[in-house]
Amino acid sequence: MGPTMAANPAFNQFAGTSEYIASPALIDAVNLAIALERPLLIKGEPGTGKTLLARNVARALGNEMESWHIKSTSKAQEGLYVYDTVQRLNDARFGDGDVADVRHYIKYGPLGRVFQADERRVLLIDEVDKADLEFPNDILRELDEMRFTVYETGEEVAARHRPVVIITSNNEKELPDPFLRRCVFHFIKFPAVAQMKRIVAVHHPHLESALLDQVLIKFYWLREQSELRKKPSTSELVDWIAALLRAGVTREQVEAHIPFIGSLLKNEQDTEMLEQFSERGGNPPSKWADLGPRYNQ
Amino acid sequence: MFLNLFFGLREQGVPVGMQEWMTLMTALSRGLHGSELDRFYNIAKACLVKSEAYFDAFDRVFAHIFKGVELDLDIEEELLNWLADPKQFPELSDEQKAMLERLDADELMRRFLETMSEQDERHDGGGRWVGTGGRSPYGHGGYHPTGIRVGGPGRRRMAMKVWEEREFRDYSTDSTLDVRQIKSALRRLRQLTRQGPSTEFDLDATIDETCRNAGEIDLVFRPERRNNVRLLLLMDVGGTMDPYYEPVSRLLTALHEDRGLRDFKAYYFHNCIYELVGTTANLYRAEALPTGDLFRRYDERWKVAIVGDAAMHPAELLSERGNINPRRETSTRGVDWLRRIDEHFERVVWINPDPEAEWDNSQTCQVIRTIFPMFRLSVTGIANAVGALVAAKR
């Protein structure tokens, strides 16, 4: 069920990159968002590559990327522009710069810069749910009409090239309905074993396949433990394998226990939980069959 | 076939609107699906469903409608017809056409009601509600000697029925209590003051100071405006409150997520407040706090919201040793504790999940209403309660 040739060849603008393995559904969602010129809203577990997606869409399209990382204090206005009053006052005092022209003191934010760019750009609005409740509504109009007005100068900034907008959310807050209605939505599922192998191969191309199997068995087994407060994610798996390779850990060692557990479990209680498990004489499985029917290869 | 998908999704409770539907139509009219069922599925899902919570429902509806369909050619012809003139869509009966034209809330409500009434007949609802109640840490037997309990399970079933009916009504009039709406209602719970470090640039004061300095620029900063509201929540748990588990937990979620409040504390009680309040919803004695300590810990500027149905046996409120739990006898009447709370704090409101019409049916509720202003646990009710909490002094 790979990505297929559409009747409309312009549709297939994105097909993943050599460094980013995307599922067919994600590829379709990205292409749909590009074709419809709608923002693409990406949700999913932490560590499933939501932020990485924007960078790779930009690479695949050959466009530059602009990021807007949202914090709890972020305001919609900051994405458009900021009027730097203090700088202007300082310049007035010391006679620097062209104080008479207010335009010198308009500092454009990510949206403002993307709108003014000479060619199409990819705009990443990262972790939109971190901001205030009303934040998504405040950028709705700008994303819809792709224009805004700088009040200080009365000038209108309109997008020369409609950017590809990718928005990520970690589900910390519910997003408003009008915002959702305008977006194309995709939820990145946690990768299944086969896809995970392809992802690992991108990062560690020379990994021995028997060792990889052992590593993945331990990894998916850990993820199945419902007691865990924080499940290990893809990025942690990649780091863990890097640590194993650097230490020269063999397949037998991984089979017997889980070395460098600290790179997988980031929570004290989780590590304790695992210690208690081994103290009780428990042993993590070393065969896919032991993980249950979902993992039968 | 396409409209079946639309109505099928709506019937399954997936919130698909006209805007989403037209987005999908635009995508299909441009041939983006490329005559492939897989891709059509991906595109329809990305356009129509905006939360992973509805993925399962989408998959079920999609499978039901498109099972065994060779999408290859038909889809495009059918679609082109539809786009050329939606009213001529071959599968649409006159009735369906009319329905499409006035796809309004009433109609959806009726469908929803029908679905729910079917469930009632099969008694699914009852089982579910009992299940919901079971989530509460409170069982019936151990804690409630039958002689004292008003109504018992019977009362609960009645409340349950009312609750279900009301759920539909809320759709049209007072709207459902989702977390986001509660948060919006809570937004007014603020009194902005300037306290703390001076981090915000004060343009007006800077200009004034600069003038005073004969043109030498003097930058002035001031503290940011911050919300000064501290909220104390006292919450009735267990027993007759069980049917309200969902709306009450949504209120709690909204309050916990609200970072705008300066401070927020929650305590729990059962039926009425006596000399101990629980710090957790379990009401374990070891974790309880003397109610008198509340008065020492929290000064009169704290806003107090009490959430409860205010319905109990009159003795629980008005007689000494009224506590429903016989192991926690008390010599001070519940109503006296409530009056002390009213005297200590400047602003107290009572939020009641029961509908207004039922308030007068309970004697204790009438008494409590003479002490505190009472509001319903609904979006407008919460907004009004918030208004009363931040209003000028009485």
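Helices (H or I, at least four residues) and strands (E, at least two) are DSSP runs, numbered from the N terminus. This is a predicted model, in which local features need pLDDT of at least 70 and side-chain atom pairs count only at pLDDT 80 or more, while totals for chains, interfaces and linings use all residues. Residues are numbered from 1 along each chain as its sequence is written, and chains are lettered from A and ligands numbered from 1 in the order in which they are written.

**Stop 1: a loop in chain B**

Select Asn361(B), in the loop between α16 (356–359) and α17 (363–371) of chain B. Asn361(B) counts as exposed because it has 10 C-beta neighbours inside 10 Å. The cut-offs, with C-beta atoms placed from the backbone, are 20 or more other C-beta atoms within 10 Å for buried, 12 or fewer for exposed, and partly exposed in between.

**Stop 2: chain B as a whole**

Colour chain B by secondary structure to see 18 helices and nine strands. Of its 394 residues, 29% count as buried. Two residues are in contact if their C-beta atoms, placed from the backbone, lie within 7 Å. Taking contacts in chain B between residues at least 6 apart in sequence, 72% join residues at least 24 apart.

**Stop 3: where the chains meet**

Show both chains: 33 residues of chain A are in contact with 32 residues of chain B. On the chain B side, α2, α3 (37–48), α10 (179–186) and α11 (203–212) each supply at least two residues, and α3(B) gives the most, with six. That side divides into 12 nonpolar, nine polar and 11 charged residues. Here Ala, Val, Leu, Ile, Met, Phe, Trp, Tyr, Cys and Pro count as nonpolar, Asp, Glu, Lys and Arg as charged, and the others, Gly among them, as polar.

Next select helix α1 (residues 24–36) of chain A and helix α2 (residues 18–29) of chain B, whose axes come within 11 Å and cross at roughly 90°. Axes are lines fitted to C-alpha atoms, for helices over the stretch in contact, and angles run from 0 to 180 degrees between N-to-C directions. In this contact, Leu32(A), Ala35(A) and Leu36(A) meet Thr23(B), Thr26(B) and Ala27(B). By class, the contact of α1(A) with α2(B) has four nonpolar, two polar and no charged residues.

**Stop 4: the sheet in chain A**

Move to the open sheet of five strands in chain A, with the order β2-β5-β8-β1-β9 and parallel pairing. Two strands pair if DSSP finds at least two bridges between them. β2 (64–69) and β9 (184–188) of chain A are at the edges with a single partner strand each, so one side of each has no neighbour in the sheet. The twist averages 20° from one strand to the next.

Zoom in on strand β1 (residues 40–44) of chain A, joined to β9(A) by five bridges. Leu41(A) has Phe185(A) as its bridge partner in β9(A). Then show helix α2 (residues 50–61) of chain A, which lies across β1, β2, β5 (121–126), β8 (164–169) and β9 of chain A and runs at about 175° to β5(A).

**Stop 5**

Which residues are in contact with Ile166(A), leaving aside its neighbours within four places in sequence? They are Leu40(A), Ile42(A), Leu53(A), Ala54(A), Val57(A), Val122(A) and Leu124(A).
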